[in-house]
Amino acid sequence: SAARELLLVEANHRVKNHLTGIAGALALQARACRDEAVRAPLQQAQSRIQAVALIHRRLQHGQTHQRLELSPCVTDIAREAVAALGVEDHIAVSISCPKGLTLPTDRAVPVLLMTTELITNCLKHAYPDRTKGSVHVTFGATQRHLLVQVDDDGRGLPLDYEVRARGIGMTIVKGLIAQLSGELQIDRQTKGAHFRVRLPKL
């Protein structure tokens, strides 16, 4: 009903504003902190919260709350991740996602959060000492599956990466993929790091 839609818009607006405020506070703390061991987790927390705020903003301004178009959301979260980590001067992120590709909201949100974590992982680990590089995010779809690929041209992954992948970011990625009944493939045979995710559409 119209009343229900109005309430949803207002709820999304309030949630987005609260989350944006929290992300802003974390950004201020991160900028004021000189200890990299403390600053990095603050920046990652800011990126995660900002991603959720961006999703609520898209829901607030969308024509329907039942589905989300992925392309503008992915563009937003990539831009915010780059800004949160302060890597604009040496890492470029490009997005390839078919216009009009949508998912039901309850599946789109975990997909976008998963993508945020994969992008952040590349931005944080692939380019030590502020070496220049690029991250490419590709979305595609078959009749039954959504395909997500995140590639970087950085220093690559250690041979025991899967064993060592116990950080918060990859734990979140694996949990979200399991929630979506998907599969994760990590390719370390070519230069850089390459994460491929296949998810059922339904």
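Helices here are DSSP runs of H or I with at least four residues, strands are E runs of at least two, and both are numbered from the N terminus. With that settled, hello everyone. What we have is a predicted model, where local features need pLDDT of at least 70, side-chain atom pairs count only at pLDDT 80 or more, and totals for chains, interfaces and linings use all residues. Residues are numbered from 1 along each chain as its sequence is written, and side-chain values use heavy atoms, leaving out hydrogens and water.

The protein chain has six helices and seven strands, and along the sequence they read α-α-β-α-β-β-α-β-β-α-α-β-β.

Now to one helix pair I'd like to show you. Helix H4, residues 105–125, packs with helix H6, residues 168–179, at about 150 degrees, and their axes are 9 Å apart. The axes are lines fitted to C-alpha atoms over the stretch in contact, with angles from 0 to 180 degrees between N-to-C directions. That angle makes H4 roughly antiparallel to H6, a label for angles over 145 degrees.

Who touches whom? Contact means heavy atoms within 4.5 Å. From H4 come Pro110, Leu113, Met114, Glu117, Leu118 and Asn121, and from H6 come Gly169, Met170, Ile172, Val173, Leu176, Ile177 and Gln179. By class, that is nine nonpolar, three polar and one charged residues, with Ala, Val, Leu, Ile, Met, Phe, Trp, Tyr, Cys and Pro counted as nonpolar, Asp, Glu, Lys and Arg as charged, and the others, Gly among them, as polar.

Finally, back to the whole chain. Of its 202 residues, 43% are buried, meaning under 20% relative accessible area with a 1.4 Å probe, protein chains only. Residues 24 or more positions apart account for 72% of the chain's contacts with a separation of 6 or more.

How values were computed:
Angles under 35 degrees count as roughly parallel, over 145 as roughly antiparallel, 65 to 115 as roughly perpendicular and the rest as oblique. Buried means under 20% relative accessible area, exposed over 50%, partly exposed in between (1.4 Å probe, protein chains only).
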